[in-house]
Amino acid sequence: MKTMKLTMITSALLAHSVAFANVTAITNATIHTATDAGVLEGATLVIENGKIKAINPDNVTADVTIDASGKVVTPGFIGSMNQLGLVEVGAVAASRDAGDDDAGVDFDASTAFNPRSSLIAYARKGGVTQNFVAPWGGKSEFAGLGFVVDLSGEFNSVTDKQTALIIHLGAKSKGSRAKALDNVVKKLEAQQEKLAKKDKKDEGKPSLEEQVLTQVLAGDMPVIATLSRASDILEAIKLKEKFGLDLILQGADDAVVVAEQLAEAKVPVILSAVSNLPASFDSMHASLDNAGKLEKAGVNVILSIGGDGSHNVYQLRFDAGIAVANGMSHEGALKAVTANPAKALGIDGGVIEAGKRADIVMWSADPFEFSTTIDKIWINGEEVSTESRHDKLRDRYTTDSDMPRAYTK
């Protein structure tokens with residue numbers, strides 16, 4: 001009996017291994033690589049074991065061959081700075097796990113991530129294959145630790161924990177922005193002093209907060225500062241220079257005012273392409289052409305969804321199209337949702353290049369056009385469905401039945 005069970009388990013594992021090892025070739029495609037290679041016409045892409053095996057190989061031997069004539073192939077898009085998987089319904093407190101009053105440097109919400117959230121399948125319909133999830137935090141300037149997930153919907157889809165530390169600077173509804181900045185400086189200085197005085201014989205395990213601050217001070221963990229006003233941006237650049245931080249700014253509606261300084265300091269900016277009106281006195285320079293202006297100034301631009309981003313990650317491609325319509329280059333907009341966030345956050349993916357993670361989307365046409373649809377999508381080399389709860393509701397409400405309207409047998 002035990003031998004029979006062992007044989008069945010072994011067979012199942014082998015079957016799974018063979019299925020995953022299948023080689024897929026996408027041929028005759030227009031491939032937007034999001035690398036220096038640019039756009040490749042009539043190209044072939046080979047996927048094997050979750051990776052991009054080759055582009056335009058001399059010989060192709062594949063288990064599955066897909067003719068992509070007339071189709072556009074891009075890297076999977078990467079969403080950022082939202083609470084995808086940490087919130088289901090914003091108005092229902094019990095479905096929100098992105099914040100806590102006691103949250104601080106060591107707040108890691110990744111254990112609360114729900115890979116089966118209905119919002120994930122919907123985001124996938126927009127070509128989004130990976131996402132950087134950011135906590136809201138609590139009363140402290142330190143909001144906590146962001147993490148990276150893929151949108152496969154599987155329970156192992158958290159691919160990187162404690163990816164970046166998020167801090168809230170700028171305008172405060174209560175208190176002064178000066179105090180918030182001072183608190184951040186003092187926290188970093190205190191950790192510097194602790195590291196300088198540390199006895200080599202002290203083998204006590206540091207707390208998670210100490211570990212995070214040590215990584216931040218070593219430049220091994222990015223710090224994402226949320227702010228908007230130009231003067232606050234300049235203070236953040238000083239913070240980067242003083243402590244050697246790997247700094248990324250988020251929001252930054254006034255970034256165009258200090259674009260030259262941002263480019264010189266090599267500070268990436270995460271912004272919404274549709275932020276076109278001042279939301280506060282800190283964002284007087286909000287405009288649809290900001291992404292294009294920053295790109296031309298040499299700033300590494302990352303596009304994310306503004307407002308209720310968790311529920312609208314699907315719209316990332318439309319926002320990129322709006323950025324293109326207002327002065328950003330098409331290639332720049334593509335990189336702003338693929339290669340740029342991957343580079344800034346250390347994410348495997350975001351480009352079509354041999355050896356990289358195979359997060360691939362095949363589109364009917366230009367992904368930034370409203371009428372374009374997804375033909376196929378692969379996450380970590382495996383094809384996944386684009387069906388969402390919205391599709392199921394549509395089918396339920398439109399299917400003919402003897403039951404009352406909206407019911408099906």
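Okay, quick definition before anything else: two strands pair if DSSP finds at least two bridges between them. Helices (H or I, at least four residues) and strands (E, at least two) are DSSP runs too, numbered from the N terminus.

What we have here is a predicted model, where local features need pLDDT of at least 70 and side-chain atom pairs count only at pLDDT 80 or more, while totals for chains, interfaces and linings use all residues. Residues are numbered from 1 along each chain as its sequence is written, and side-chain values use heavy atoms, leaving out hydrogens and water.

Let's zoom in on S9 (residues 158–168) and S10 (residues 223–227). They run parallel, joined by 4 bridges. Which residue in S10 is the bridge partner of isoleucine 166? That's isoleucine 224.

Now the helices. H3 (residues 177–197) and H5 (residues 230–243) pack at about 5°, with axes 12 Å apart. Axes are lines fitted to C-alpha atoms, for helices over the stretch in contact, and angles run from 0 to 180 degrees between N-to-C directions. Because angles under 35 degrees count as roughly parallel, over 145 as roughly antiparallel, 65 to 115 as roughly perpendicular and the rest as oblique, H3 is roughly parallel to H5. Contact means heavy atoms within 4.5 Å, and the residues making it include Leu181 and Val184 of H3 and Leu239 and Phe243 of H5.
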